[in-house]
Amino acid sequence: WRSTDRGKLSAAEWIELCRYLEREKVYESVLRECEQLVAAYPSDPAAFDAMMMAGRVNLNRVKDPAEAERWFLMARESTFSRLEFEGAIQDGLKACARQVAAGK
């Protein structure tokens, strides 16, 4: 778990760190932090956000559609996946399939 001088980083703080890293285009760090956040806080809503972020970063920045698909499927199975997110998950999975078909 990430810690600061104040103690452990909360899931909400951790997802903000992930968002900051994404804005700074430090994609390998984004993916590492998302993985660790999900492992540390699997039943927190921020874990769902981290799954979606990792899927998006893998798809659009790292160009790893297989890994992106893994994250989108994990998000779909998450306890926080709701109907309102199904469209984004489906779009991500379709984009993964297109990248695979295009050989990227």
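Predicted model: local features only at pLDDT ≥ 70, side-chain atom pairs only at ≥ 80, totals over all residues.
Trainee: Let's start with α5. How many residues does it have, and how far does it reach?

Mentor: Helix α5 runs over residues 83-101, which is 19 residues. From first C-alpha to last it reaches 27 Å, close to the 27 Å expected at 1.5 Å a residue.

Trainee: Which residues of α5 are buried?

Mentor: I89, G92, L93, A95, C96 and Q99. They cover an arc of only 160 degrees around the axis, so they lie on the same side of α5.

Trainee: Why would residues a few places apart point the same way?

Mentor: An α-helix has 3.6 residues a turn, so residues three or four places apart point the same way.

Trainee: And what is exposed on the other side of α5?

Mentor: L83, R98 and A101 are exposed there.

Trainee: What do the buried residues of α5 pack against?

Mentor: Against α3, residues 45-62, and α4, residues 65-77.

Trainee: What follows α5?

Mentor: G103 does, and its phi is positive, near 80 degrees.

Trainee: Changing topic. How many aromatic pairs are in the whole structure?

Mentor: A search finds two. In one, the rings of W14 and Y41 have centres 6.2 Å apart and planes at 90 degrees, so that pair is edge-to-face.

Trainee: Where do W14 and Y41 lie?

Mentor: W14 is in helix α1, residues 11-23, and Y41 is in the loop between α2 and α3. The pair therefore ties together parts that are 27 residues apart in sequence.

Trainee: Are W14 and Y41 buried or exposed?

Mentor: W14 is buried, and Y41 is buried as well.

Trainee: What about the rings of F48 and F85?

Mentor: Their centres are 4.8 Å apart and their planes are at 45 degrees, so the pair is tilted. This one links distant parts of the chain, with F48 in helix α3 and F85 in helix α5, 37 residues apart.

Trainee: F48 and F85, then: buried, or partly exposed?

Mentor: One of each. F48 has a relative accessible area of 3%, so it is buried. F85 is at 23% relative accessibility, so it counts as partly exposed. The cut-off for buried is under 20%.

Trainee: What sits over the ring of W71?

Mentor: The charged end of R70, 4.7 Å from the ring centre.

Trainee: Now the largest nonpolar core. How many residues does it have?

Mentor: It has 33 residues, and L37 and F72 have the most contacts inside it. Each of α1, α2, α3, α4 and α5 supplies at least two residues of this core. The largest share, 10 residues, comes from α3.

Trainee: What does L37 touch?

Mentor: Leaving out residues up to four places away in sequence, L37 touches A11, W14, I15, C18, A46, A47 and A50.

Trainee: What span should α2 have?

Mentor: Its 14 residues should span 20 Å at 1.5 Å a residue, and the end C-alpha atoms are 20 Å apart, which agrees.

Trainee: And R32, where does it lie?

Mentor: R32 lies in helix α2. At 42% relative accessibility, R32 counts as partly exposed. Its C-alpha is separated by 9.0 Å from that of A54, 22 residues apart along the chain.

Conventions. Residues numbered from 1 in each chain as written. Heavy atoms only, no water. Helix = DSSP H or I, 4+ residues; strand = E, 2+ residues; numbered from the N terminus. Expected span 1.5 Å × (residues − 1). Buried < 20%, exposed > 50% of the residue type's maximum accessible area, 1.4 Å probe, protein only. Arc of directions from axis to C-beta. Contact = heavy atoms within 4.5 Å. Phe/Tyr/Trp six-rings, centres within 6.5 Å; stacked < 30°, edge-to-face > 60°. Lys NZ or Arg CZ within 6 Å of the ring centre and 35° of its normal. Core = buried A, V, L, I, M, F, W, Y, C linked by side-chain atoms within 4.5 Å.
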